[in-house]
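Hello,

Here is the structure I promised to pass on to you. Have a look at it first, and then read on for a short tour of what turned up.

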Amino acid sequence: MEQFDWLKIKQMAIIWVKEASNQLKASLLETIQVETKSSPDDLVTEMDRKIEQYFLQKIQTHFPSHAFLGEEGMSDEGYFNNDTIWIIDPIDGTTNFVHQQYNFAISVAVYHKGEGKVGLIYDVMNDELYHAVAGEGAYKNEERLEKLTSVDVNKAILGLNARWLLNHTRRYQPFLINIVKNVRGIRSYGSAALEMAYVASGRLDGYISLKLSPWDFAAALVLLNEVGGRYSTFYGEPLAILKSSSVFVGKPQFHEAIIREFVHRS
Ligand code: IPD
Ligand code: CA
Ligand code: CA
């Protein structure tokens, strides 16, 4: 049976993430080429592609048998058949990277036979590295993250992008409005990976998005497993790691209460 040293793999990934972040910081001093993808608010820069290419090349060199899935499309054909897969978002929060030069992250996860083994989310400008290996605890830099404790819905701070409240034709819209009315506060940072790292570290009590892709949430789930966080689709169904879907992560009792009181009861 093939053996993996996940701690060692994490250490290698940390070195690559730090090196990639230096490239990102250096690029902020230059003029960056920006293009749009599916819509005017879906941005991609030359740096998204360059950083993805950097990770692809590292993984092909050091782990040639592993598969690769990245947001910018440099994925292996048939990656879903491979036991071990790296799932990478080279810049999560590209709009922030372009407009604010702040609050963007590199997200790296390694999954083996469907289980999250390594998760890294690096807040480049704040030098905050959230990292975890399955069964070994989750950390923010050197600090071990505590198990998440309970919070009442009316005392909770929820991460949510206001745009999800706009679509009047969707069935989720009234549930969301009700949730927004009942929590203590709503925050939106523009990087799903960072917002879920904030849930793992207790800065937020929950985070909801109605559409995310594997590279947005893969690393965060590894962190959340280590601190007893809950995750599911917005409707409470299990997440499929290689599929885009709605995502709801949170402190355990808060997650349960929202699904029970606001989603299923509506
Ligand atoms: C986006 C960010 C954003 C979230 C979007 C994601 P990108 O990722 O995480 O906060 O609301 O759904 O697509 O495109 O910057 O990698
Ligand atoms: Ca991205
Ligand atoms: Ca993303």
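Along the chain, the donors of the calcium ion (ligand 2) follow the spacing E-x17-D-x1-I. Please keep in mind throughout that this is a predicted model. The protein donors behind that spacing are E71 (OE), D89 (OD) and I91 (O), and they lie 2.1 to 2.3 Å from the calcium ion (ligand 2). D89 is buried, and I91 is buried too.

The calcium ion (ligand 3) is coordinated by D89 (OD), D92 (OD) and D216 (OD), at 2.1 to 2.2 Å. Here the spacing of the donors along the chain is D-x2-D-x123-D. Distant parts of the chain are linked in this way: D92 belongs to strand β4 (residues 84-92) and D216 to helix α6 (residues 214-227), 124 residues apart. D92 and D216 are both buried.

**Ligand 1**

Some of these names come back around ligand 1. The residues that surround ligand 1 include E71, D89, I91, D92 and D216, and also G93, T94, K211 and L212. What lies close to the oxygen atoms of ligand 1? A polar side-chain atom of D92 lies 2.8 Å from an oxygen atom of ligand 1, and an N or O atom in the side chain of D89 is 3.2 Å from an oxygen atom of ligand 1. With G93 the backbone takes part: one of its N or O atoms lies 2.7 Å from an oxygen atom of ligand 1. On its own, ligand 1 has 380 Å² of accessible area, and the protein covers 77% of this.

**Strands and sheets**

Next, the strands. An open sheet is formed by 7 strands in the order β3-β4-β5-β6-β7-β8-β9, with mixed pairing. Its edge strands are β3 (67-70) and β9 (143-144), each of which pairs on one side only. Within this sheet, β4 and strand β5 (residues 105-112) run antiparallel and are joined by 7 bridges. One place to look is T84, whose bridge partner in β5 is H112.

Another strand to look at is β12 (residues 206-212). Is β12 mostly buried or exposed? Of its 7 residues, 6 are buried, so β12 is largely enclosed by the rest of the structure. Strand β10 (residues 157-160) pairs with β12 in the parallel sense over 3 bridges, and L158 has G206 of β12 as its bridge partner. β12 also pairs with strand β14 (residues 245-250), this time in the antiparallel sense over 5 bridges. G206 turns up here as well, with G250 as its bridge partner in β14.

**Aromatic rings and a histidine**

How many aromatic pairs does a search of the whole structure find? There are 10. One of them is formed by F234 and Y235, which are edge-to-face, with 5.4 Å centre to centre and 70° between the planes. F234 counts as buried because its relative accessibility is 0%, and Y235 also counts as buried, at 17%. Elsewhere, W16, F63 and W86 are linked into a cluster by ring pairs.

H255 sits in helix α7 (residues 252-264). With a relative accessible area of 8%, H255 is buried. The side chain of H255 makes a polar contact of 2.9 Å with the side chain of S232.

**Two loop residues with positive phi**

Why do the last two residues deserve a mention? Most residues other than glycine have a negative phi. K113, however, has a positive phi near 50°. K113 is in the loop between β5 and β6 (115-123), and it is exposed, with a relative accessible area of 59%. N141 also has a positive phi, near 50°, and is found in the loop between β8 (138-140) and β9.

Enjoy exploring the structure, and do write back with any questions.

Best wishes

How values were computed
Residues numbered from 1 in each chain as written. Chains lettered and ligands numbered in written order. Predicted model: local features only at pLDDT ≥ 70, side-chain atom pairs only at ≥ 80, totals over all residues. Heavy atoms only, no water. Donors = N, O, S within 2.8 Å, 3.2 Å for Na, K, Ca; no water. Helix = DSSP H or I, 4+ residues; strand = E, 2+ residues; numbered from the N terminus. Buried < 20%, exposed > 50% of the residue type's maximum accessible area, 1.4 Å probe, protein only. Phe/Tyr/Trp six-rings, centres within 6.5 Å; stacked < 30°, edge-to-face > 60°. Near = heavy atom within 4 Å. Polar contact = N/O pair within 3.5 Å; in protein donor to acceptor, adjacent residues only side chain to side chain. Areas by Shrake-Rupley, 256 points an atom, 1.4 Å probe, with all protein chains shown as cover. Pairing = 2+ DSSP bridges.
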